Amino acid sequence: MRTLDSNTSLRIAIQKSGRLTDKTITLLEGIGLKFDDYKRSLLVKCRNFDVELLLIRDDDIPEYVQDGVCDLGFVGANTVAEDEADVTILRGLDYGVCRLSLAAPKNGGIKKVEDFSGKKIATSYPVLTRKFFEERGISDTTIVTLSGSVEIAPRLEIADAITDLVSTGGTLKANGLVEIAKIFDSETQLIQTNKPLSDGKKQLINKMLQRIEGHKTAAESRYIMMNAPETSVPEIKKIIPSMKSPTVMPLADNGMVAVHTVIPIDTFWDVMEQLKEAGASDIVMLPIESMIV
Ligand code: PRT
Ligand code: ZN
């Protein structure tokens, strides 16, 4: 095991136990970082990278990063924005996707944003909620801040309506609420402290960002292989929206070649059908573990 050099080792805050934990660990492992059992300890050293993880509640992550206790953090954009944290957002990550929305009882009198005027709104997101109404010139709402179970506030007559995070919409529905307007789109973000960092830490962060980019590109790409008559290669090259020109290798059968390349996953079915029409056969698609472009 490497010893941690306090000048270069990165301390990264992640959620200890919640919706973002497993996906963050999967991402970190996907970019080559290895950890011993991260469920047992609050501070976990990485076995093969100068990194340690601090496992804390998601609400504490922006402040820990802001104060420089941690150099990086993986946390929802909703939490970063609500805390108005002084941090740098390095990039968005496509998990933990949700939206903060205004919702009201299904059969009540609130149907549109203007109807919230003079109403009581329960939320765990007072800053984002207040900002939303201020931007629309509605200044007479009362915000009731709750730390959880916001969705039952109208039934308990604590509030007329709520703002809450929504992903499938199932929770709102189950509580007789309808979504009236979206306040904020959220996904997980990788945030960095604005406190000065050593060159060693900056290098590590760049390396991690490059690996995350490669990991994302790999997840969105597929390696495809096919056989085709050599005469079809010019047509095949036109069809493939390839990052580079494809690899073309002769086959034992005279006049036949194997073509290998990488394509974006969302083009796969269109591309495959066109390739077949152009004379390709035995088209095989494989997932890619990781790639650096
Ligand atoms: O203990 P700790 O404080 O760390 O965790 P927590 O309970 O505060 O957070 P957690 O684990 O529930 O969520 C962490 C982060 O996940 C949030 O800050 C968001 O960035 C993100 N996320 C993504 C969500 C959701 N989707 C989500 N659906 N967070 C919460 N929800 C809840 C929502 O509050 C509501 O109760 O799920 C319910 C709605 O879901 P649907 O699918 O029924 O619409
Ligand atoms: Zn939380």
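Modeller: Let's begin with Ser186, which sits in strand 9 (residues 177–193); strands (E, at least two residues) and helices (H or I, at least four) are DSSP runs numbered from the N terminus. This is a predicted model, in which local features need pLDDT of at least 70 and side-chain atom pairs count only at pLDDT 80 or more, while totals for chains, interfaces and linings use all residues. Residues are numbered from 1 along each chain as its sequence is written, and side-chain values use heavy atoms, with hydrogens and water left out.

Biologist: Why is Ser186 called buried?

Modeller: Buried means under 20% relative accessible area, exposed over 50%, and partly exposed in between (1.4 Å probe, protein chains only). Ser186 has 5% relative accessibility, so Ser186 counts as buried.

Biologist: What makes the pairing of the Ser186 and Asn78 side chains a polar contact?

Modeller: The term asks for a pair of N or O atoms within 3.5 Å; within protein, one must be able to donate a hydrogen and the other to accept it, and residues adjacent in sequence count only if both atoms are side-chain atoms. The two side chains make such a contact at 2.9 Å. By contact (heavy atoms within 4.5 Å), Ser186 also touches others, including Gly76, Val97 and Arg99, not counting residues up to four places away in sequence.

Biologist: And Asp160: why is Asp160 called partly exposed?

Modeller: Asp160 has a relative accessible area of 34%, so the label is partly exposed. Asp160 lies in the loop between strand 7 (142–145) and strand 8, and its side chain reaches the backbone nitrogen of Lys120 at 2.8 Å. The residues touched by Asp160 include Pro105, Ile110 and Pro154, leaving out those up to four places away in sequence.

Biologist: How do you know which face of helix 1 the buried residues line?

Modeller: The buried residues of helix 1 (residues 21–30) are Thr21, Thr24, Ile25, Leu27 and Leu28. Seen down the helix axis, they fall within an arc of 160°, so they line one face of helix 1; the arc is that of the directions from the axis to the C-beta atoms. These residues pack against strand 1 (10–15), strand 3 (51–56), strand 4 (72–76), strand 5 (87–105) and helix 6 (199–219).

Biologist: What comes just after helix 1?

Modeller: Gly32 does, and Gly32 takes a positive phi of about 100°.

Conventions:
Chains are lettered from A and ligands numbered from 1 in the order in which they are written.
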